[in-house]
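Keep the 3D view open as you read along.

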Amino acid sequence: MLELENVGYKVNGKWLVRNINLSIKNGAFWGFIGPNGAGKSTLLRLISGELKPTSGEIRFFGKPIDSYQSTELARLRAYLQQQRDVNFPFTSLEIVLFGRYPYLNGTKEADADIGIARKSLKRVEADMFENRLYPTLSGGEAGRIDIARILAQAPGLFLLDEPTNHLDPKHQVQILNLCKMICEQGKTVITAIHDLNLASMYADQILMLKNGISITHGPPKEVFNKNMLTNTYDISFNILKHPDGYPWVMPNLNCL
Amino acid sequence: MQKRTKLLLILTILLPASICVAAGIGAYRILPWKIPRILLFKEEAFPILLYVRFPRVLLAALVGSMLAISGTTLQGIFRNPLADPGLIGITAGAGLGASIWIVLVGGGKIGIWGLPIAAFVCGMFVTLAVWKVSEIQGKVHTVTLLLAGIALNSLAGAGIGLMTFLADDEQLRSLTFWLLGGFGGATWTVLLVTLPIGMIGLFLLLRQGLALNTLNLGESEAYHLAVPTESIKRVSVFGVALTVGAAVSAAGGIGFVGLVVPHLLRLMGGADHRFVLPGSALGGAILLIFADLFSRTIVVPAELPVGIVTALLGGPFFLWLLIRFKRQIFL
């Protein structure tokens with residue numbers, strides 16, 4: 001569904017991302033991991049079409065991504081940014097309805113759009129916040145409203161930049177379960193994520209980045225090995241096994 | 001009916017009512033409900049209404065709605081509740097343009113079309129400048145925005161001062177008359193020059209509600225939802241410069257209308273720009289009609305500059321906003 005061929009992105013003479021080759025299949029759950037500044041967000045924004053690659057090509061369903069119209073693209077992929085700031089008293093439902101923008105063609109939301117927005121709120125268990133003002137919500141609550149918004153956008157590809165930030169364990173698991181469910185419906189999820197253990201539990205495929213270069217990619221069981229992690233994060237790790245069989249990664253505090 | 005539709009309907013009824021009330025009050029009193037008859041049958045007070053009251057009240061309404069809608073638009077595109085054409089220097093920039101026209105080009109006579117066009121050009125230049133200065137990686141930084149506003153306000157102020165210095169006697173008279181601001185000089189000519197410019201501006205700005213809403217998520221998110229962010233910004237800057245330029249050339253610098261009105265509307269009916277934009281066009285008109293009424297009736301036979309009235313109203317309101325939002329914004 002999505003192919004990256006030798007993709008690089010350069011700003012002010014510095015490569016933020018370089019030589020990325022990746023083939024992403026429909027229904028896959030990818031986790032992009034790596035230290036701060038490794039290029040995870042940049043890569044997501046390249047895939048979304050917001051940034052244009054300096055070198056290489058990104059193909060979406062076999063067509064170069066810049067050959068799509070913006071509305072067409074907005075119906076095919078959604079992107080959730082790391083930080084959001086809304087300074088005006090919009091209600092949660094209104095924020096979720098923004099996800100319907102690509103379907104409105106400049107007209108008023110139809111009842112069907114409002115129905116879709118309500119259903120999306122229900123899926124993240126935030127329907128009780130429907131009329132609450134978004135700026136008054138806690139970080140976790142607002143995070144769920146944002147997820148509901150991209151659900152309302154109804155794309156085939158979800159690009160999420162740290163969707164579990166600011167969420168308590170219950171809602172982290174809830175959001176990632178939701179992502180898993182989305183994948184089971186044949187849609188694709190790519191998420192940049194810092195929590196290695198959540199990545200290990202949920203992602204089918206991991207891409208490990210450092211300094212904009214792909215260190216390795218593959219299923220968590222292959223990617224999460226001691227040497228690879230130590231080289232990438234510059235601290236040493238112990239790797240155990242989660243009772244459910246996932247690799248469980250623990251940083252080793254004494255070896256900084 | 002939806003609450004917002006109701007509010008807009010109420011404002012739509014209030015506007016002509018306010019026009020009639022304000023047109024009736026003055027040295028010669030006319031009862032508001034008699035005004036339609038007087039106009040229709042050209043009864044006794046007809047000339048007063050036609051040549052004195054109506055140009056003034058209608059100009060106040062037009063300027064009020066232009067200032068309010070440009071305030072709403074600026075707050076929308078800057079995604080910042082403290083943006084206002086006066087605070088961030090656009091009004092002063094337009095004023096500088098008008099002064100330059102009066103002193104260097106117009107040769108003392110306030111050119112009918114030249115004045116608003118000069119105000120528009122300088123206003124647009126300042127809008128772009130304040131934007132470029134305060135934008136950091138696609139986000140407009142509040143503190144920088146207000147500081148840039150201070151800088152541009154004082155620069156434009158210095159420019160206007162320089163024009164006053166360069167002006168000869170006759171130019172100085174027109175300049176001072178215009179700088180005092182207000183609607184004392186309202187005539188049908190001024191109104192008919194301001195009206196088409198204002199209508200183009202209002203037409204451009206009123207249509208952007210849906211996109212401005214979505215832009216509130218941030219430019220990057222709006223891009224991913226296929227909002228044409230660049231064209232929205234261009235149209236906004238153009239429309240704001242047009243309306244503020246027309247308002248300033250017609251009535252001088254009148255502050256705070258663009259700040260106060262959108263906030264009042266958001267308090268009443270929420271943040272949806274499809275409500276706030278038309279609502280502030282109506283509300284700004286009503287507010288300035290009454291501010292002008294107050295300014296011409298409170299110290300009869302003299303007149304209080306209307307800018308003082310709006311500042312008395314807007315100053316405390318701005319302080320209240322600062323206190324209310326400081327935790328959210330200045331972190």
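## A bent helix in chain B

Helix 13 of chain B bends by about 30° at B:Ser280. Keep in mind that this is a predicted model.

Helix 13 of chain B covers residues 273–297, which is 25 residues. What about its surroundings? Of the 25 residues in helix 13 of chain B, 21 are buried, so the rest of the structure largely encloses this helix.

## Where the chains meet

Turn now to the interface. Here 21 residues of chain B are in contact with 24 residues of chain A. On the chain B side, helix 9 (209–215) and helix 10 (219–224) each supply at least two residues. Helix 10 of chain B gives the largest share of that side, with 4 residues.

## Chain A as a whole

Chain A has 10 helices and 12 strands. Its C-alpha trace spans about 55 × 40 × 35 Å along the principal axes. For 256 residues, a compact globule would have a radius of gyration near 18 Å; chain A comes to 19 Å, which agrees.

Inside chain A, buried residues account for 43% of the 256. Looking at contacts in chain A between residues at least 6 apart in sequence, 63% join residues at least 24 apart.

Note on methods. Residues numbered from 1 in each chain as written. Chains lettered and ligands numbered in written order. Predicted model: local features only at pLDDT ≥ 70, side-chain atom pairs only at ≥ 80, totals over all residues. Contact = placed C-beta atoms within 7 Å. Expected span 1.5 Å × (residues − 1). Bend = angle between axes of the 7 residues up to and from the residue. Buried ≥ 20, exposed ≤ 12 C-beta atoms within 10 Å, placed from the backbone. Rg over C-alpha atoms; globule rule 2.2 N^0.38 Å.
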